[in-house]
Amino acid sequence: MQLPEYAIEAKGLVKTYAATKTTPQMHALRGIDLAIPRGSIFGLLGPNGAGKSTFINILAGLCRKTSGQVKIWDRDIDERPRDARAAIGVVPQEISADPFFTPRESLEVAAGMYAVPAKERRTMELLNALGLGDKAGAYVRQLSGGMKRRLMVAKAMVHNPPVLILDEPTAGVDVELRKQLWNYVLELNRKGVTIVLTTHYLEEAQELCDQIAIINRGQVVACEPTTTLLRRMDTRQVLVTPEEPMTEAPALAGFETRLLPSGGFSVTYRTGQSTVEQVLAAIRAAGLHIKDISTEDPDLEDVFVSLTYAAAPEAVDI
Ligand code: ADP
């Protein structure tokens with residue numbers, strides 16, 4: 001059987017939540033086009049309310065789309081909803097584990113729901129992989145928050161889906177556990193599982209994801225390989241404190257300058273085009289004396305902010 005080029009494909013995906021007595025109509029997704037390559041670790045980034053959970057809930061079959069087309073592993077969610085759902089495992093944001101089950105029972109129940117035959121179940125293998133082997137018989141209520149979170153990952157994998165979706169997987173998880181969780185996720189990815197994650201931790205996305213889509217107000221504002229996105233950020237800033245505080249930013253040939261509240265100014269330049277040396281030369285050529293100077297590197301946060309601001313529609317949501 002030929003494997004699909006994309007693990008997930010969405011075309012013109014729209015979701016509008018109907019108005020209720022207390023809430024107005026909400027345009028949560030306004031025409032999302034996304035193609036998530038098979039085998040990738042794909043990051044879905046966006047501020048609160050951007051539409052990430054709505055997108056994931058549609059994939060998981062928990063929320064009905066208003067219009068548009070979605071395929072999971074080449075299976076249209078309208079035409080083959082069961083097959084489409086069988087191709088993904090979803091780790092939800094909220095921890096929801098039955099307190100009266102042991103992890104072993106919890107996985108058995110989940111496998112039962114996916115109709116995984118007993119001899120194909122991998123309960124202990126999954127528990128061991130997630131560092132829960134010695135907790136197989138403990139009550140879930142006795143597990144720590146991090147352990148419960150790992151149990152959720154194990155539950156999402158009981159039917160061995162080719163795509164794993166993690167919704168804010170490391171929110172509230174301490175550094176050590178986060179590493180453990182990521183090691184397992186990376187291991188799954190090495191074995192061929194496509195990983196889709198939403199995160200607020202830009203650093204995490206930057207480190208782990210090979211492709212990142214930025215969503216804002218229900219629209220995709222960027223979707224690029226992480227390296228391309230980072231290359232967009234070849235701008236650097238030089239922050240200058242002049243001998244005499246200034247009241248307006250100086251004009252420097254070839255550079256963008258901005259006045260700082262301190263009376264200093266910033267100079268923005270592109271590393272591919274200019275050097276700090278050239279910036280300094282331009283400052284001196286303008287007859288300015290420098291008292292102090294520092295440089296600032298941008299990170300994904302800067303791109304994120306500039307993209308999401310640029311894309312904010314002026315119209316109010318009604
Ligand atoms: P994110 O996961 O990126 O924070 P969501 O998908 O949760 O974003 O929300 C997108 C928008 O849809 C928000 O404006 C949110 O208030 C709205 N929304 C989400 N769920 C519902 C719902 N069940 N009913 C009405 N509006 C909703």
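The model is predicted: local features need pLDDT of at least 70 and side-chain atom pairs count only at pLDDT 80 or more, while totals for chains, interfaces and linings use all residues. Residues are numbered from 1 along each chain as its sequence is written, and side-chain values use heavy atoms, with hydrogens and water left out.

**Stop 1: the domains.** Colour residues 1–87, 161–233 and 299–318 as domain 1, 98–155 as domain 2, and 235–297 as domain 3. These bounds come from an automatic or database domain assignment.

**Stop 2: domain 1 against domain 2.** Here 11 residues of domain 1 are in contact with eight residues of domain 2; contact means heavy atoms within 4.5 Å. The buried area is about 780 Å², and carbon and sulfur atoms give 70% of it. Buried area is the accessible area (1.4 Å probe) that two parts lose on being put together, summed over both. Now select Leu177, Leu181 and Tyr184 in domain 1: they lose the most area to domain 2, together 55% of what that side buries.

How many salt bridges cross this interface? The rule, a side-chain nitrogen of Lys or Arg within 4 Å of a carboxyl oxygen of Asp or Glu, finds zero between domain 1 and domain 2.

Next, show strand S7 (163–167) and helix H6 (175–190), the elements that give two or more residues to the side of domain 1 that touches domain 2. H6 gives the most, with four residues. Helices (H or I, at least four residues) and strands (E, at least two) are DSSP runs, numbered from the N terminus.

**Stop 3: an open sheet.** Four strands are arranged in the order S2-S1-S4-S5, with antiparallel pairing. Two strands pair if DSSP finds at least two bridges between them. At the edges are S2 (26–37) and S5 (75–76), each pairing on one side only. S1 and S4 (residues 67–72) are joined by five bridges; select Val14 to find its bridge partner in S4, Ser67.

Then select Thr16, which lies in S1 (residues 6–17). Its side chain and that of His27 are joined by a polar contact of 3.5 Å.

**Stop 4: a hairpin.** Finally, select S9 (residues 211–216) and S10 (residues 219–225), antiparallel strands joined by six bridges. Ile212 stands opposite Glu224 in S10. Two residues lie between the strands of this hairpin, where Arg217 takes a positive phi near 45°.

Conventions:
A polar contact is a pair of N or O atoms within 3.5 Å; within protein, one must be able to donate a hydrogen and the other to accept it, and residues adjacent in sequence count only if both atoms are side-chain atoms.
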